[in-house]
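Open the model in your viewer and keep the selection panel at hand.

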Amino acid sequence: MAAEELLKCIAEEVEACKKCALYRGTSHGVPGEGSAQAEVMFIGEGPGYHEDRQGRPFVGPAGAFLNELLASIGLDRSTVFITNVVKHRPPDNRDPLPEEIAACSDYLARQIEAINPKVIVTLGRFSMARFFPTARIGQIHGQAKMVDGRLVVCMYHPAAALHKAELKQTVVDDFKRAIPAALAEAERLTAAGKLGTPKKQDDDDTPPPQQLSLF
Ligand code: URA
């Protein structure tokens with residue numbers, strides 16, 4: 001099946017999803033949106049009020065800031081894919097629970113597989129934890145690391161940055177430096193046949209995720 005069709009199927013499943021209790025009291029599931037051919041995929045935490053009303057990710061104040069950050073590196077939202085770790089809004093925007101993240105995990109795994117992005121950018125600690133369960137965002141933000149044949153860059157969440165001036169500048173700087181550098185590195189690795197063919201964990205003899213020395 002083509003990536004567009006796979007994403008459409010996943011979106012339909014998300015709309016009807018009752019795998020955990022999060023769907024109760026929400027207006028919409030928020031599967032994610034963007035290009036099925038995206039080279040860069042952004043993964044946030046979960047929908048907030050505006051996202052729940054519209055059924056679209058990052059359309060509130062954090063989304064406006066994300067749009068600005070994308071524009072600062074010459075990217076438009078339509079050319080990337082934007083989604084979240086959980087696809088229904090947690091009540092009162094509380095943190096998603098481990099069982100809610102687990103219930104949604106397969107949707108995200110299938111979205112990543114369908115799109116096969118060269119670079120994944122995690123926004124906030126819940127999406128970071130999917131790739132680096134024990135990492136601290138303060139230590140790894142803005143660094144590209146190889147995970148299962150892809151580059152993953154962890155960023156502070158745009159909403160957190162909106163509330164703290166010093167974090168905002170860090171996010172702006174991380175975006176401008178780390179994403180173009182990760183894309184250039186992805187090009188280089190693709191040309192060398194070292195990217196885009198993620199290996200399965202169990203037949204894998206590569207070392208655990210490591211920081212690239214370049215940036
Ligand atoms: N915050 C998120 O993590 N995701 C959204 O979609 C909106 C705000």
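How do the residues of the shell around the ligand divide into nonpolar, polar and charged? Two are nonpolar, four polar and two charged. Keep in mind that this is a predicted model.

**Stop 1: the shell.** Select Gly44, Glu45, Gly46, Glu51, Pro57, Phe58, Asn84 and His157. These are the residues around the ligand.

Stop 2: A polar backbone atom of Glu45 is 2.8 Å from an oxygen atom of the ligand. Go to Phe58 next. Here a backbone N or O atom lies 2.9 Å from a ligand oxygen. Now show the side chain of Asn84. One of its N or O atoms is 2.7 Å from a nitrogen atom of the ligand. On its own, the ligand has 240 Å² of accessible area, and the protein covers 91% of that.

**Stop 3: the pocket.** Hide the ligand. The space it takes is the second largest pocket, which holds about 710 Å³. Its lining has 28 residues. Select Glu45, Ala62, His157, Ala159 and Ala160 to find those nearest the centre. Glu45 and His157 also belong to the residues around the ligand.

**Stop 4: the helices.** Colour α2 (49–54), α3 (61–72), α5 (125–131) and α7 (158–163). Each supplies at least two residues of the pocket lining. Which helix gives the most to that lining? It is α7, with four residues.

**Last stop: the whole lining.** Colour the lining of the second largest pocket by residue class: 13 residues are nonpolar, 10 polar and five charged.

Terms used: Residues numbered from 1 in each chain as written. Predicted model: local features only at pLDDT ≥ 70, side-chain atom pairs only at ≥ 80, totals over all residues. Heavy atoms only, no water. 1 Å grid on protein atoms, 1.4 Å probe; cavity = no way out; pocket = protein on both sides within 12 Å on 5 of 7 lines; lining within 4 Å. Points joined across faces, edges and corners; volume = space filled by probe spheres on them. Nonpolar A, V, L, I, M, F, W, Y, C, P; charged D, E, K, R; others polar. Near = heavy atom within 4 Å. Polar contact = N/O pair within 3.5 Å; in protein donor to acceptor, adjacent residues only side chain to side chain. Areas by Shrake-Rupley, 256 points an atom, 1.4 Å probe, with all protein chains shown as cover. Sits in = over half its atoms within 2 Å of the grid points.
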